[in-house]
Amino acid sequence: MNILEVKDLRKRFGDTEVLKGIDLSLKKGEVLSIIGSSGGGKTTLLRCLNFLETANSGEILVNGKSVYLARDGEKPTVTLEAQLSFGLVFQQFNLFPQYSVIENLMLAPKLRADAKGNTERQEIYKDIRAHAEELLAKVGLTEKADAYPCQLSGGQQQRVAIARALMLSPEILCFDEPTSSLDPELTGEVLRVIRSLKDSERTMIIVTHEMEFAKHVSDKVIFIADGVIEEEGTPEELFENPKSEKTRTFLSAGKNDI
Amino acid sequence: MELFLDVCSKLGNGFVTALFLFIFTLLLALPLGLLMCFCTMSKFKPLSFLSKIIVWVLRGTPLMLQIFTIFYLPGILNLFVWPQMNTGWVWFDTTFSTRFIAALAAFAINYAAYFSEIYRGGIESISKGQYEAGQVLGLTKKQVFFKIILLQVIKRIIPPMSNEIITLIKDTSLANTIAVYELIFEAKEFMTVNGLIWPLFLAGAFYLIFVGILTVAFGKLEKKLDYFKA
């Protein structure tokens, strides 16, 4: 069964149709990269999946269960469960500056535990802390647990953001250009973390401009242009042997500049 | 010497009244300002429009005029006349006279208007990404505001707030226009009755010292929130 299925997703901003009917599906453990030029709709698609934008129409299914079904003119409500099926790592990290690294990780799970009205709060907090420490170790930042975001480099902040997104164990982890606001020497550490997540079979959707990385890490690549999926396939198919003229132009644009 | 002590004791009383006016104004205006700010930022257009008009009037007319309006207008409109306090406890009756209450009301709403704009500036300066990060982590709007946004807003608004609060302590002197026995009122009494000017300067020293204390306190608060960048 597909872990994610998107059917005919459409999004308009005013008169501009940014997504003109997107269909895609993803199996558990697969990594999907979304490439395309700026303004093509990649980020909007990711934001619709994370309910930061309200898609005007279309359906989203997680594990075969419909979590979002919109027809024109209606705004469906998004359940907490649906929201938490997806995790998102932002281009700008968006860590909470007043909290230390470990507190950034623990905030949401703690609030969730509180909301459930658990009586053995201390026990649960202990579990949450253990989980947070485990994830920090995974992104290689154990020694930064008590540091504040302003004391970290961009690459470290992004690794914290990844760990924070993993705290709630989302079914699908999304990345919105995770290395675009990093200095070149810092992108490596973030990409390594993402690669290690692939090795642990995490389902991911990555919007990226790092073509080499997309080629190596993905099981599937889609090229979005003007709000539609222009081409999709395995990295080999798409990068080595693009069928669409637009894809070819896009992929060769970078090379011609040099 | 006796005169000096007399001046000091009267000014001391005046200062206490001014201090009460200051403290109660803050206690009322800080939350009221937040409420006004939410109204102004409301997506419900009539509410935000009305709120903007109110802020405009409150910031657009002299505070002294607002004090007069609140104190005299009810009488002129035949609604009510601010009655005399009469608990039989002289200190209480003179300190918290109904004149004091009227002045307090004027200060509270006037300062709430200024505070509301400071809050708005602070809230709007927080990046959208902070709200979005909260949302994707499954936090409710309320949790996002109280657990993530608020402290960042507080950090950012401390400098303009301390400015406004320092202005407030000196603005309490405007209450003398409706005969609230605050600091300037007491000092002026010595000028009109005894022909002395120096009690006014001494009153100035009271303000100066108090503002000095506030400045140090705000400096400490800023330091305390220095551990993060927002």
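Trainee: In what order do the elements of chain B run from the N terminus on?

Mentor: This is a predicted model, in which local features need pLDDT of at least 70, side-chain atom pairs count only at pLDDT 80 or more, and totals for chains, interfaces and linings use all residues. Residues are numbered from 1 along each chain as its sequence is written, while chains are lettered from A and ligands numbered from 1 in the order in which they are written. Helices (H or I, at least four residues) and strands (E, at least two) are DSSP runs, numbered from the N terminus, and chain B has nine helices and zero strands. From the N terminus on, the elements of chain B therefore read α-α-α-α-α-α-α-α-α.

Trainee: How are α8(B) and α9(B) oriented to each other?

Mentor: The axes of α8 (residues 183-194) and α9 (residues 198-224) of chain B come within 8 Å and cross at roughly 165 degrees, where axes are lines fitted to C-alpha atoms, for helices over the stretch in contact, and angles run from 0 to 180 degrees between N-to-C directions. Angles under 35 degrees count as roughly parallel, over 145 as roughly antiparallel, 65 to 115 as roughly perpendicular and the rest as oblique. The helices α8(B) and α9(B) are therefore roughly antiparallel.

Trainee: Into which classes do the residues of the contact of α8(B) with α9(B) divide?

Mentor: Residues are in contact if their C-beta atoms, placed from the backbone, lie within 7 Å; among those meeting here are Phe190(B) and Met191(B) in α8(B), and Leu200(B) and Phe206(B) in α9(B). Ala, Val, Leu, Ile, Met, Phe, Trp, Tyr, Cys and Pro count as nonpolar, Asp, Glu, Lys and Arg as charged, and the others, Gly among them, as polar. The contact of α8(B) with α9(B) divides into nine nonpolar, no polar and no charged residues.

Trainee: Which element gives the largest share of the side of chain B that touches chain A?

Mentor: The contact takes 18 residues from chain B and 20 residues from chain A. On the side of chain B, the elements that give two or more residues are α6 (128-136) and α7 (141-171). The largest share, six residues, comes from α6(B).

Trainee: Which strands of chain A stand at the edges of the open sheet?

Mentor: Six strands of chain A form this sheet in the order β6-β7-β8-β3-β9-β10, with mixed pairing, and two strands pair if DSSP finds at least two bridges between them. Each edge strand has a single partner, so one side of each is left without a neighbour in the sheet, and these strands are β6 (86-89) and β10 (228-233) of chain A.

Conventions
Two residues are in contact if their C-beta atoms, placed from the backbone, lie within 7 Å.
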